[in-house]
Amino acid sequence: MTIQSDIKAGQREAEKLMLTTCTITRGGGAPVFNEGTGEYDTPEPATIYAGKCKVRLAGVSVKQVDAAAQLLTIQQSILSLPVNRAGTANVTPDDTLTITANPLDVALVGKTFRIEGTHEQTYSTARRYSIERVNS
């Protein structure tokens, strides 16, 4: 066996744990004035990736911070995506993750997260991104 075959085997095993499906989108942006209708149109976000994924807590610790006179609770989560699937390498910070199906916990369906980081790693069994919850 080679390191390449070991990593490929690890990628296959990691994908077996990705039972959740999600969509990752970018943009949408500010409304644009449509001269033909005289109204503002909101651009549709572009889909970067749609497919299998896994979301997990990075740890069980919770941190509270005081931001602008509000007490916020922060908990770190991680998104895992397949390494060699179309679109997974194009995910960037500020993209939006939406959970579309989760057979093991339907309460996660419809939750949205903001991608916070990037993924760069040589020996990767999954693309892992730090995410922050946007809605409750």
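The dialogue below takes the labels one at a time.

Mentor: Please keep in mind that this is a predicted model, in which local features need pLDDT of at least 70 and side-chain atom pairs count only at pLDDT 80 or more, while totals for chains, interfaces and linings use all residues. Residues are numbered from 1 along each chain as its sequence is written, and side-chain values use heavy atoms, with hydrogens and water left out.

Trainee: What makes strand 1 and strand 4 a pair?
Mentor: Strands are DSSP runs of E with at least two residues, numbered from the N terminus, and two of them pair if DSSP finds at least two bridges between them. Strand 1 (residues 20-26) and strand 4 (residues 46-57) are joined by seven bridges in the antiparallel sense, so they meet that rule. Within this pairing, Cys22 stands opposite Gly51 in strand 4.

Trainee: In what order do the six strands close into a barrel?
Mentor: The order is 1-4-7-10-9-8, with antiparallel pairing. One of the pairings joins strand 8 (residues 96-101) to strand 9 (residues 112-115) over three bridges, and Thr96 stands opposite Arg114 there. Strand 9 also pairs with strand 10 (residues 127-133) over three bridges, where Ile115 stands opposite Ile131.

Trainee: Why is Cys22 called buried?
Mentor: Buried means under 20% relative accessible area, exposed means over 50%, and partly exposed lies in between, with a 1.4 Å probe and protein chains only. Cys22 has a value of 2%, so it is buried, and Cys53 is buried because its value is 0%.

Trainee: How many disulfides does a search of the whole structure find?
Mentor: The search finds zero, where a disulfide would be a pair of cysteine sulfur atoms within 2.5 Å.

Trainee: Why is the pair of Phe33 and Tyr40 called edge-to-face?
Mentor: Rings of Phe, Tyr and Trp (its six-membered ring) pair if their centres lie within 6.5 Å, and planes under 30 degrees apart count as stacked, over 60 as edge-to-face and the rest as tilted. By this rule there is one aromatic pair. The ring centres of Phe33 and Tyr40 are 5.2 Å apart and their planes stand at 65°, so the pair is edge-to-face. Phe33 is partly exposed because its relative accessibility is 42%, whereas Tyr40, at 58%, is exposed.

Trainee: Which residues is Arg85 in contact with, leaving aside its neighbours within four places in sequence?
Mentor: They are Glu15, Tyr49 and Lys52, contact meaning heavy atoms within 4.5 Å. Arg85, found in the loop between strand 7 (77-81) and strand 8, is partly exposed at 37%.

Definitions and conventions:
Helix = DSSP H or I, 4+ residues; strand = E, 2+ residues; numbered from the N terminus.
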